[in-house]
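I opened the file to look up a few residues and how the chains meet.

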Amino acid sequence: MIHPWLPNLKSKDRILSEMGINEEKLFSDIPHEIRLKGELNLPKVMSELEIKRKLNMLKEKNVKLKYPPFIGGGVCPHYVHEAVKFLISRSEFYTAYTPYQPEISQGILQALYEYQSIMAELLEMDVVNSSMYDWGSSLAEAVLMGFRINGRRKVIIPELINPNHEKVLRTWVEPRGINLIKVKPSNDGTIDVHDLLNKVGDDISSIYIQQPNFYGIFEKNIEEIVDIAKKKRIVTIMGVNPLALSLIKPPGVYDVDIAVGEGQELGLPLNFGGPYMGIMAVRWDAKLVRQMPGRIVGKTLDDKKRPGYTLILQTREQFARREKATSNITTNEALMAIANAVYLSLLGKNGFKELGEEIYRRSHYAAKRFIELGASKKFEGDFFEEFAVSFRKSYEKIHNKLLEHEIHGGLRLNEMDALFCVTEVHSKEAIDELVSIVGEI
Amino acid sequence: MIHPWLPNLKSKDRILSEMGINEEKLFSDIPHEIRLKGELNLPKVMSELEIKRKLNMLKEKNVKLKYPPFIGGGVCPHYVHEAVKFLISRSEFYTAYTPYQPEISQGILQALYEYQSIMAELLEMDVVNSSMYDWGSSLAEAVLMGFRINGRRKVIIPELINPNHEKVLRTWVEPRGINLIKVKPSNDGTIDVHDLLNKVGDDISSIYIQQPNFYGIFEKNIEEIVDIAKKKRIVTIMGVNPLALSLIKPPGVYDVDIAVGEGQELGLPLNFGGPYMGIMAVRWDAKLVRQMPGRIVGKTLDDKKRPGYTLILQTREQFARREKATSNITTNEALMAIANAVYLSLLGKNGFKELGEEIYRRSHYAAKRFIELGASKKFEGDFFEEFAVSFRKSYEKIHNKLLEHEIHGGLRLNEMDALFCVTEVHSKEAIDELVSIVGEI
Amino acid sequence: WDEPIIFELNTSGTERQGVLIPKEEELSQIDINLPDYLRRNEVNLPELTENEVVRHFVRLSQMSYGVDVGMMPLGSCTMKYNPKIEEASQVITEEYHPLQDEKTVQGTLEMMYEIQEWLKEVTGMDACSLQVPAGSAGELAGVLMIKKYHNETGNVKDEMLVADTAHGTNPASASMAGFKVIYIRSNKEGLVDTELLKATAGERTAGFMLTNPNTLGLFEENIADIAKVIHEHNGILYYDGANLNGILGIVRPGDMGFDVVHLNLHKTFGVPHGGGGPGAGAICAKGKMVDYLPYPLIEKSKTFYASIPKKSIGKLTSFHGNIGNVARAYVYILGLGKEGVSQIGKMSTLATNYLIYALKDTKLELMSPERPRKHEVVFSAKRIADETGVTAFDIAKALLDDGFYAPTIYFPPIVEEALMIEPTETESIETIRSFANSLKRILDEAYRNPEKLRDSPYNTAVGRLDQARANHPASVTPSYRIERKRRESKNDLILK
Amino acid sequence: WDEPIIFELNTSGTERQGVLIPKEEELSQIDINLPDYLRRNEVNLPELTENEVVRHFVRLSQMSYGVDVGMMPLGSCTMKYNPKIEEASQVITEEYHPLQDEKTVQGTLEMMYEIQEWLKEVTGMDACSLQVPAGSAGELAGVLMIKKYHNETGNVKDEMLVADTAHGTNPASASMAGFKVIYIRSNKEGLVDTELLKATAGERTAGFMLTNPNTLGLFEENIADIAKVIHEHNGILYYDGANLNGILGIVRPGDMGFDVVHLNLHKTFGVPHGGGGPGAGAICAKGKMVDYLPYPLIEKSKTFYASIPKKSIGKLTSFHGNIGNVARAYVYILGLGKEGVSQIGKMSTLATNYLIYALKDTKLELMSPERPRKHEVVFSAKRIADETGVTAFDIAKALLDDGFYAPTIYFPPIVEEALMIEPTETESIETIRSFANSLKRILDEAYRNPEKLRDSPYNTAVGRLDQARANHPASVTPSYRIERKRRESKNDLILK
C-alpha cells in the first residue's frame, strides 16, 4: 500500500531494521486478548476525485433552495466576503496550534488581540476573551462565573430566551445545583420588570438579559434591570446579537458585568451547527477578569523592549491547579475569532452601520408585507433581523407549500406561529416571492 | 461615493489641497475636444453578493453536464487536486509580478526553476523556458526559431496536426513568408515517411511531428524522421501531450532540437480556452538556447556565495535590442508553470505512471465498447487518451441525443466521425452510459 | 514585518470601507426610528479598503507557524498534516442552517450518520454523539453522563478518580460537573498503580478518568484489571480520546472495558486546529451509558433524523455540534479508508519510537526506557538543567530558531523538565531525523554555550516576552481599548 | 527559509506519492502492450507526500512578494490590488471545454459578449476580440492586422513607426510581423516630435505604434495632429493599452483617432499577474480595421455564438483566449461599475502626482516637471549617481529592504538612471507617502553612506546575485538536470 498521507509506509521495514527491532516489539505491551482481530469495518480508501463525487452525491440529496432559508433562531444566513474566506484559509493561520510559543506566533497572537480589541469596541467593554464555543455555551460559562463569584445558586433568565441556549445552560449548570427562574414578558415582548422585581432576592446569583431577545425584539428596561441587580450584588449578564450593535447601544453602556453573544453573525457560514463563535467579555474588574474562562491575548514587551503579544492570565487555566481551573476549555474557536476580526475590519465603521440599517429595513419590509396579508406580529415591540408572525393557517401547511417552491420559510414556533429571519442575503425579490406564495395559501 | 477598491476617493479634496492644486490641473494637458462627455455606459456598481448572483445566473445558463465532456482536441478534462489549487492561490505567488528583483522573489524563482527542472526530466531535454501561452503559440514560436536559425522558409507539418494549432501557426508565421507543407498519414494514422522523403529538401527550415497526433495515435517513425532532418540541417520540432510521456519515450530520446506541448494536461482546469500553458524546451546547444523565446530561470550564487535563482539570458529579450528580441513575449503563463510543477511533484514517479496507465485503459475500454456497437476506429494505430470513431449514423444526431441525457460526446470531425477523449475523470459507469445511449440510437 | 495594530493602519476619518453593502433602493424609504435610549451613533471600527485589510492579515499570517510550514511536535496535541481535500467537505455544511427542516438536509444528515457508525467501529462503542465541539466539552459530557447515571440509579457517588498521567483538562472537567477529584498516582514505571487504585476505589467512586496510552505514551497493560476494579465498585470507566492515535487500528477502548469515550476529531482525524480552534468532538458510550448521551444522535429509518437518547444529559452547544469540522474528519476517514486508518496506530508508534532511537545517546532521560512508546514520548531534561542550567524552556525556544515548533513542555507534571513530543504518522522519517539532529545540536550547545541558549530564540519576530509585565495588574493589556484609555488618561489603569 | 530544491527534499526510493490515482478495478485486466521503441520505463520525478509538497511550496511562497504583501510600484506594469471576489468568476469558466457545443455554454458566451461591449465603450472602438492571451500577443495581433490590411488593399508598406516612449515590446512585435522598425524620437518635453514625425512618415509607413499617455506618463496633447499625419499617409494608428489606466474615464483612444487598440486586462482591469502571467488581453478596432480582428468574436442573435470577421488575421492562440482571466476582469468591472471605472483615471493620476509632490525637494530629476503625469512618472537618478555613485539599481535594491518592491529601472531608455514608478489608484495616500519617505531616506543615505547602499539589500533571502556566473556558458544552469549532469560528469558542461 502507498498512501499520500502516510510517508513512512513503504519505508517501515527499513526503519525497523535500522532500529534493530521488529514491529511486534512496539506493541508487546498490548495484551493479545484485547487486540483488534481483523480489519476495521470502514469504507475502502478513496482518491480525491472519488471523495468529491461522494460529497456531491450527498449534496444532491440536500434540497437546493432558491434563496437562503428565512430562518434564524440564534444564527442567520449572511454573506461572507471572499476576503474573509481567503484570509482564514492562509495556512499559517488555519493549520496553527494554540500559540503557546509566542516568539514564532506573533501573527496569530496579534490577530487574536485584534479580535479582542475590535470586539471590545463593539461591546464597549474592556476585556474580551479570544472565544468560547458558541452563544449557548458562553452563556453557561457566564452563569458558572457568577456562581464562582457569589456562590449563589439561583439565576434569573427571561422567558423569551433562545430555547436552545436555555437547553445548553441547563446541561452545564443544573448538575452544579443551580436553578433557573424565568421572568415573564410584557405584551410587547420585553421583560416584565414587575415580575422581575418579585423574583429578585439576595439568593440570586445572576440575571441574564438577551438583547434583542429570541423574537428579535429590543429590550427597553435594561438600565432599570441592571440597577436592581447591582443593588443586590447580582452578576449581570447580557447576551447580544453583535450585528444589532450597529444600531443599538452596546452592553458596556449599561455597565453589565459580563456580555455574551454569537459571532456567527459576523462573517461565518451557517455550518449546519458549527463552528460558531462564542463571544465573552467582562468589565475592567479584577474579580471578573480572574474568573473569566478562556484564553486572553495581551500586549507586552520582549527582551529588546519591542512590543509583542502573548497569552496572559494563564493561571486561570489548567496549567497550575488543574481541578481549580475556571473552566476546562482549551480548544476554542480561535480561527472564527479571526474571521470576525477580518469581517468587521472590512465592513468598517460605515459599512457596519449600513449593513445594520439594510437588515433592519428588509426585515421590517417583510414583516409589513406579512401583515398586509392578514397575518399579525406576535409581539408589538420593535425588532431587528428576526420577527415572529402569527398566521391564520397552520404554519406546517405554509412551510410545505413554500418548500414546493424551493423556499425555506421561518422557524415553526407552534401551530400557527413562525419566526422569520431576513438579512442582506434576502433580496426584495426573494421577500416578495416568499410573501406572495404564503398569500396564495 | 465610497468604494472598497479606491482608497483615496473620499480624501481627494484633502490631497489636492495639500498639493495646492485643483483637479483640472492634472488633466490640463488633455484637449477638451477629445475628452469623454458624460459617463461611461457600463453596468452600475455591484456588491460582492450581487456579483455572485450574477455569476450564478450565468452559470445556470450553461448546461449542467452529468459527467465531464468526452472532448479533447488538445486540452482534456482532468482532475485538479486541491493542493494544486491551494498552492497557486497563495497570494505571494498569484499577485506577484515577473521576478525582476530576485533578492525578494527567491520563492517564485525557485518554483519556476523547479518547473523547468521537472519538465526537463519529463522531456529529457536540458533547457526549458518558464512558459509560453499554449501549445499552438509555442509551436509557432518554435517554427520562427527555426527560421531565425537557418533562414529557410518552408516547414513540414503532418496532415494530422491539431487543426487549431495549425490555425495559430499560420497566423504567426505566414506573414513572415513562411510556407507550410503537409505530409500525408499512412493507413494507421502515422506519418507516411515516403511522402515525407518526397517533400524534404535543402529549403526546409523545420519539420514538426506531433506525438501522439491529433487522433491520439502514437507516431512510430520518429527516429527515422529525425535522422532525415538532421542530414539536411533541418530543425526538428516535436509536439507532445506531456501526459502521454508517462508511458512513451520523451522527445529528448530522439535528440530533437525543440519540444513543445500543452501543460493544461498537468493540473490545469479547462478554463474555456485559457489560461493554458505552452511548453517549450531545447537541446543543450547554444544556438538553440540563444534563439529560444521566453524567460528562463537559472541558478547562481549571491554575494555571500549562497545559492540563489535569477532570470538568465535576458539579452534574448526586449531589454537591450528591442526590435531584435527573439520574441515579443513578456507576460507568460508563469503561475500555470508552477501548477504543473506542483501537480507533477504530487503525482510523483509512481502516480504519474499510474495515471497514464489508467487513462490508457479507460480510453481503450471506451474504444472497445464503441467497436462492439458496430462503430469502427478511424485509424488502426495504438492511441492514448483520444481516439477517432466512425459511426454508421450522423454524429450530429448522436451528439444531440447524448445532450438530451446531459452528456457531452466527442468532438465532431465530419458527418460520421468524432474524436473522443477519455481520462481519469470518466468513470467506467460514465463510459458505459455514454456507449449505451449511443447504442440506443 | 513590523506590522501595526489594525486600528493604527491609517488615521481615522478616511471614510474607507472594505466591502460594499448590497442595498435595495426601493426599501430605502423605510425609516429607522430607534428611540434615544436604544440608538447608537457610532461604532469605533477601522476604516480600511479591502487591500489594506488583506495585506495586514497576509503579513500577520506570515508571522505565524502551522503544520503547513513545518513539523509541530506538540505532545498530546496530535498535530497531523491536514489534507487539502478536507476543505471540499464544506459543500455539505456551509450553507445549511441547523434548524432547517430535516427533509431538506438528508445528505448532510447521512454524512453525520455514517461518521457516527465509523466512530463506533473505531472505538468499539455502541453509539456516538457529535454534539460536543471540542475535547474538553467531550470530557464534560462524559462526566455529566456519569453523574446523571449515578443520580438516576440512586448511587451516592461524588468522587472522580483521575490518573495523574491523564489528559490535562480531566480534573477541570470533573470538577465542573461537581465531582471531587482524587488523583491516582502512577507507579515508578509510569503506569496506573493498580494496588493504589484498589485501595482508593470505593463506594463513593463515580468513575475513573484515564487515557490509554497515557500522557507518557505508555500503554496501560493492566487495563483489564483496572476496568475490573472500577466496575466492581459500580464505577464508570472513562476514556479520554486525546491519545487514541497511538493505538488506532490495534486495540479499541470498547474492547479494553471503557464505558464512555470521547474523541477529538481534530486530533485523531486530522481536522486543522485553526490556531487553537475550532475543533470537533464526539462522545461515545457502551451499554447502559448510551441512554445518557447528549443529543442529537442521527438515526436512520426511511430517512435520516435526529433523536434524543432516553435519559440524555441534554445539549452542550446550541445546535448539532461543529458539523463543519465533523465533515472534514469524514473526508479524512474516506481518504484513508479502512486500509489507511488501520495503519495510523502502527505508523504513529513507529515514528515515536524512531525518535527515541535517534535520541538514545543524548542526556535526555526517559522513564521506563525499555518500554515502547505509542503516539508520544516524554523526555526529562532534568540532568541537562542540573548540569548546565539550560531548561526544557530554553531547549524549546532554541528549537524555534531551527524552524521547528517546540514540543509541549513541563507536562505532564510528574516528569521534571518534561519535553513531551508527538511526531504523528504524517511526518516523514527524514523530518523526524532532522528534528532529532536539531535537538542533539541544542543539547551539545547547552554544554558548550549555555548562555546563548538562554537568550534564544534569535530568528523570530520578537524575542522572549516579558510575562511579568504582561500579567501585572498595572500593565496588563488585554485590548487596544485599554491601550487607548491608558494613553488618554493621566491615571494608570490598574486592574483591581 | 533555506529550502532545498524539490528533487533533494528526500532521497529517492521512498516510494511516496502525493495523491492517489482513481482506478477502475474492472478495467485493470486491459493490457498495455507498447512496443519497445515506444515504451518508457521511468520518469525521474520526486517521490513526496502531499504534506511535503505543500510545505515546500508554502515556504517558497513566503519567500515571494506580491501585491497582497505590499506596494509594487512598477512603472507600466499597473500592479493594482486584485479583489478576492475575482476568483469567484471561475465558476463560469473552469469546467468548460472551449470546443463544447455552444448551446451548452450560453452563460459563458454571454459574459464574453458583455465584456466585449464594455471594452468597446471604454476604448471608444467598434469591436473587440478576446483572443489574445496577453499584451504582447495583442500588439502582434495589431501589427498583423495592419499588415494584412495593407496587403489586401495593395499598399506596399513595410515600415512601422514606433515612438521611443512607446511600450517596450512594440518594436519586437513589429519586427515579428516582418516590419522594419523606425523609431520616432521624442522632443525635449518627452512628447512625440510632430515635426520629426511629419518628416519621417511617408508612403511606406504602415502605421504608428504609440501609447498615450506615454511611458513617461505624459499625455501626448498633439494626438489629433499625430493621427492626422498618419492617416494622411494611409497609415494605421495603433494604441498600446499598457497605459490606459491614467486616462480611463477621461478620454478614449477611439476619440483620439486610434484605429487599433490592444488592452491588457491584467493591468487595466485588475487581473492578478501570477508572477509573470497568465494575463489576458483584448484587441479592438474601429471602422475598416474591424474586419481584420482575430477570431472568435462573440455575437448575439437569439443565442450567443462565435463568429469570424471577414478578413480575420486568424488565431493567436489555440482556442478562445485566456477566458478564465477575462472572467476575472469581468468581475472587476462589475464590482467597480460605471461609477468606479469612471474614477480610475482620475484617481491613478492623483496618486502619481501626489508622489511627485511628495518627492519634489529631492535630487531626483524630472523631464518637463511642470507637466502633470498620468498613471506613472519617470524620475532620473543621474545627478545622484554622478554625485555619489549610487545608481538607480542601488536605489531599487535598497527599497527592498524597506519592504517595498522596486520600481522599474533603466526604462524607458531615453531617461538616464531611470526610476519608473506607477502607484495606481489602489494604493492609499498613506502608503504612497510612506514609499516616498523610504525613497527620501535612501537618497539621504546615498550622500551619507553610499557604500552601504551599494551592498543592499540586506533583509532579503539572498543578497545580490552573480549575474555573470548565471549567464556564463560554463556555469549557466537552467535546470536541475544540468546541475545533476555537471555533478555526475567529470567534464564541464559548457553551453556552446
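What follows are my notes, one topic at a time.

**Ground rules.** I am working with a predicted model, where local features need pLDDT of at least 70, side-chain atom pairs count only at pLDDT 80 or more, and totals for chains, interfaces and linings use all residues. Residues are numbered from 1 along each chain as its sequence is written, chains are lettered from A and ligands numbered from 1 in the order in which they are written, and side-chain values use heavy atoms, with hydrogens and water left out.

**Arg252(C).** I found Arg252(C) in the loop between β5 (236-240) and α7 (253-256) of chain C; helices (H or I, at least four residues) and strands (E, at least two) are DSSP runs, numbered from the N terminus. Is Arg252(C) buried or exposed? Its relative accessibility is 16%, so I noted it as buried; buried means under 20% relative accessible area, exposed over 50%, and partly exposed in between (1.4 Å probe, protein chains only). A polar atom of its side chain lies 2.6 Å from the backbone oxygen of Glu121(C). Leaving out residues up to four places away in sequence, Arg252(C) touches residues including Leu36(A), Leu40(A) and Glu121(C), where contact means heavy atoms within 4.5 Å.

**Salt bridges.** Over all chains the structure holds 143 salt bridges, each a side-chain nitrogen of Lys or Arg within 4 Å of a carboxyl oxygen of Asp or Glu. I looked up three.

- Asp126(B) and Lys485(D) pair at 2.8 Å, N to O. Asp126(B) lies in the loop between α6 (106-123) and β1 (127-128) of chain B and Lys485(D) in helix α15 (residues 480-488) of chain D, so this pair joins two chains.
- Glu166(B) and Lys182(B) pair at 2.9 Å, N to O. They sit 16 residues apart, in helix α8 and strand β3 of chain B. Glu166(B) is buried at 11%, whereas Lys182(B) is partly exposed at 28%.
- Arg383(C) and Glu387(C) have their closest N and O atoms 3.1 Å apart. Both are in helix α10 (residues 382-388) of chain C, four residues apart, so about one helical turn separates them.

How values were computed. Polar contact = N/O pair within 3.5 Å; in protein donor to acceptor, adjacent residues only side chain to side chain.
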